[in-house]
Amino acid sequence: MLEIKNLHVNVDGREILNGLDLTLPQGEIHAIMGPNGSGKSTLAYVLAGKDDYHVTAGSIAWNGEDLLGMEPSERAAKGVFLAFQYPMEIPGVATMTFLRTAVNAVRKARGEPELSTPDFLRFVREKAQALRIDPEMLKRPLNVGFSGGEKKRNEILQMALLEPTLCVLDETDSGLDIDALRVVAEGVNALRTPDRAMLVITHYQRLLTYIVPDRVHVLSEGRVARSGGPELALELEESGYAEFGEAAA
Amino acid sequence: MDLPVQQFTTKAEQGYLDLFETAQEALPGARDPFVSDLRAAAIGTYGRIGLPHRRIEAWKYTDLRARLTGINPLIKADGAEAGDADLAQALGAGVANLSAYRLVMVEGDLRADLSDLAGLKAAGVEAVSLSRALEKPQAWLKEALARVNPRDDDPVLALNTALMTGGVALRVREGVIVDKPIHLIAIDGAGDPASTFTRNVVIAEAGSSAMLIESFESRRNLQRNAVTELRVGAKAAVKHVKIQRDSAEAFHLSTWLVELGADARYEAFQFSTGAALARNQIYLRFAGEGAAAEICGAFLARGRQHCDTTLLVEHRVPHCVSREFFKGVLDGDARGIFQGKIIVSPGAQKTDGKQMAGALLLSETAEFDSKPELEIFADDVVCGHGSTSGQIDDELLFYLEARGIPEAEARALLVQAFVGEAIERIEDEGLREALRAAAADWLGLSSA
């Protein structure tokens, strides 16, 4: 269970989150929607532990443990995973090397044995195939020269390999065509289990057709302005975010 | 080069003159007029110029005159034991295990017992100890010694010519494709402070192909002056690698003199992690049309290490291509220097020359000085240069940490990636992996 209470976050001297409360039980998927600048991505980064996002008040607990006192890598070991809106390109690091380093770092921190090379390769191949990722892509430097869709699929591959329990997807649908969106959504849905919680951040309802949430929260000015069932997303699709402080497009 | 009048001769400066005075009768080739004349002329050049200092443009960042406070006595080879285990220990397993024809020099002395002279001979390569060759130099050696892309304005090179003792003379016969790399290993283990002057003369005759790896390792206060002269004949291809892991107290002064014939191919890589002060000089001259040279390298320095890479590429003929690509990592109070000079002579049309140097600074006090120089006297050329210096990107670091990789390991991975951009250019897989492992070793990463 993720419990966020009265969260205030300051970035570059500006208060972006302003008393946010949110409870996400295990086994559920909650969508975070809201106009640009409402604090959606800030919430994602704060959960993952990015520097320069200063929590000035409030708390975040994951399964009863205080996340805010942990380094980003410790959070990952505790099961927190952020699928980035803009995955980083790292020339000079082969994707496969990166994946193996990450998987083994997390396994080590969780007290599990590191995977042998053949076991790791089998594991990656199986997950990559499900996401229709070309094995050749994994030999290339991390995300370098990948298309938008390839980068997002690579994020979901990492999610599958690291076996997190709290998945935060930041605008995973941005820059994807409908086919790529379907593949990514299938990958996410395959990870939907009773012991896993997911927070799906999106500006548009489109993604929620494929990843159906249990609850939808609308952020406005750094806090949850409204919560409801999946029908809330459809309603927003009709009405836009006008009532949440954004001019209708 | 304008040489300012010097006020006085430093102790170290005089020390080299004394060293020569005392040693000259016992130097190899002392009774051969060709060799002794060469040495006499060289010590004259050195005496005239003195040790290089910061007011000489090419030595602006490396004030050798100020840094060298005393001269160590000449090294004495005492036939030290150096088995396979010692080599593996000294070079690192990756480099030691490279499949190659080994030529091992212990304290400057070419050791037949540790070298694969028979294998080289069978492969079509003539290899002799330079000390021996100097006693009665053959015609081909006379034509090459101090004549490959020669210079009379470099006092460090002149000192080497005056005092050269160890090293090898190699000749790859016309059309011979050497099937394995030739690995020249210079080991100067623990012992008293010493100076060493080694000289390699390598002739790759027309149409031949070879890979030459030079490894330097020491565990004492060593003042090393190493020169390699390399003539690459028409349509010949040479890959030339240096792996420098001299001791933390060592001075490593290295000069490569390279001359490329028509349609020759030359690929160089210099990997440098050792020595208190390293000066890696390459003088390269295109002597025939249609040749191409790629000079790459990686240097890693920390503490108070000083690592200087200075290149001078002379396009004297048309239709040649040169590329320079270096990456450096500097931590602590380390200082890295890259000077890349390209000179395009009048008439050297269709020259294509590019250079790129980048450094990653891991501390506030590390310093990188990069000085590209282009002197172009022809009008139809493409030349360019670039230089970067920066710190680890926090966004990349966060991405790796968010995947569970602890900060220290994530930083090391990013540093490795930075250096990897240079190392990846090495075609030979075994060598590439060995250097990747050596970089990981420097970073304290497991190389798996």
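Two residues are taken to be in contact if their C-beta atoms, placed from the backbone, lie within 7 Å. By this criterion, 22 residues of chain A are in contact with 18 residues of chain B.

This is a predicted model, in which local features need pLDDT of at least 70 and side-chain atom pairs count only at pLDDT 80 or more, while totals for chains, interfaces and linings use all residues. Residues are numbered from 1 along each chain as its sequence is written, and chains are lettered from A and ligands numbered from 1 in the order in which they are written. The model scores ipTM 0.96 and pTM 0.87; for chain B the mean pLDDT (the predictor's confidence in each residue, from 0 to 100) is 93, and 98% of its residues reach 70 or more.

**The side of chain A that touches chain B**

Helices (H or I, at least four residues) and strands (E, at least two) are DSSP runs, numbered from the N terminus. The elements in the table each give two or more residues to the side of chain A that touches chain B.

| Element of chain A | Residues |
|---|---|
| α2(A) | 72–77 |
| β7(A) | 90–94 |
| α3(A) | 95–109 |
| α5(A) | 148–162 |

The largest share, five residues, comes from α3(A). By class, this side of chain A has 15 nonpolar, four polar and three charged residues, where Ala, Val, Leu, Ile, Met, Phe, Trp, Tyr, Cys and Pro count as nonpolar, Asp, Glu, Lys and Arg as charged, and the others, Gly among them, as polar.

**A sheet in chain A**

Four strands of chain A form an open, antiparallel sheet in the order β2-β1-β4-β5, two strands being paired if DSSP finds at least two bridges between them. Strands β2 (14–24) and β5 (65–66) of chain A stand at the edges with a single partner strand each, so one side of each is left without a neighbour in the sheet. Within the sheet, β1(A) (residues 2–11) and β4(A) (residues 54–62) pair in the antiparallel sense over seven bridges, and A:V9 has A:V55 of β4(A) as its bridge partner. Helix α1(A) (residues 40–48) packs on the sheet, touching β1, β2 and β4 of chain A, and its direction makes about 70 degrees with that of β2(A).

**A helix pair in chain B**

The axes of α11(B) (residues 407–423) and α12(B) (residues 429–443) come within 10 Å and cross at roughly 150 degrees; axes are lines fitted to C-alpha atoms, for helices over the stretch in contact, and angles run from 0 to 180 degrees between N-to-C directions. The two helices are therefore roughly antiparallel to each other, a term for angles over 145 degrees. The residues of their contact divide into eight nonpolar, two polar and two charged.

Key: Angles under 35 degrees count as roughly parallel, over 145 as roughly antiparallel, 65 to 115 as roughly perpendicular and the rest as oblique.
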